[in-house]
Amino acid sequence: MALPAFCRIDGVIDKRTGVEGKPYGIGFALALPDNWNGRFLFHGGGGLNGSVAFPLGTVAAGDTPALARGFGVFDGSFLRDQQAALDFAYQAIGRVAVLAKQVIAFYYAKDVQRSYPRAVQQEGERR
């Protein structure tokens, strides 16, 4: 399947030195299509932990990846120490979703109109 033109952003938040002096943090990737539909699809976790997959939005998207349908797409992943597991279980999804929406709003100069899944919501944001 041909993908539309898009900008990929890779990042890490909460960088720190962890087990055995190795660097750790919450890794993420955003795919921002040129023809954005105003919506945000968050997917990640589960089998994606440990790496940041290419952000196509294939999870729960049917036959056509979300990126090809105009969604801004996010993939999240975590590294392998205890704090990374705690971040995943309690903090990372909310922290990265809020950051991703801010990046998307800055990139397009327009706020996200709809968010899927909608469990993570910024203060004052409409669902």
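**Group meeting: one chain, element by element**

From the N terminus on, the elements of the protein chain run β-β-β-β-α-β. That comes to one helix and five strands. Helices (H or I, at least four residues) and strands (E, at least two) are DSSP runs, numbered from the N terminus.

A word on the source. This is a predicted model, where local features need pLDDT of at least 70, side-chain atom pairs count only at pLDDT 80 or more, and totals for chains, interfaces and linings use all residues. Residues are numbered from 1 along each chain as its sequence is written, and side-chain values use heavy atoms, with hydrogens and water left out.

Now the whole chain. The protein chain has 127 residues, and 39% of them are buried. Buried means under 20% relative accessible area, exposed over 50%, partly exposed in between (1.4 Å probe, protein chains only). The accessible surface is about 7,300 Å². Carbon and sulfur atoms hold 52% of that surface. Areas come from the Shrake-Rupley method with a 1.4 Å probe; for residues, only the protein chains shown count as cover.

Next, contacts, meaning heavy atoms within 4.5 Å. Take those between residues at least 6 apart in sequence: 66% join residues at least 24 apart.

On to the core. Which residues touch the most other members of the largest nonpolar core? They are Leu30, Phe40 and Ile104, in a core of 15 residues. Three elements, β2 (23–33), β3 and α1, each supply at least two residues of this core. Helix α1 gives the largest share, six residues. By nonpolar core I mean a set of buried Ala, Val, Leu, Ile, Met, Phe, Trp, Tyr and Cys residues joined through side-chain atoms within 4.5 Å.

Now Ala66. Find Ala66 in the loop between β3 (39–44) and β4 (72–78). Is Ala66 buried or exposed? Its relative accessible area is 0%, so Ala66 is buried. Ala66 and Leu3 are 63 residues apart in sequence. In space, they are 10.0 Å apart, C-alpha to C-alpha.

Last, backbone angles. Most residues other than glycine have a negative phi. Two residues here go the other way.

Asp14 has a positive phi, near 55 degrees. Asp14 sits in strand β1 (residues 6–17). Asp14 counts as partly exposed because its relative accessibility is 33%.

Ala109 also is not a glycine, and its phi is positive, about 55 degrees. Look for Ala109 in the loop between α1 (82–108) and β5 (114–116). Why does Ala109 count as exposed? Because its relative accessibility is 72%.
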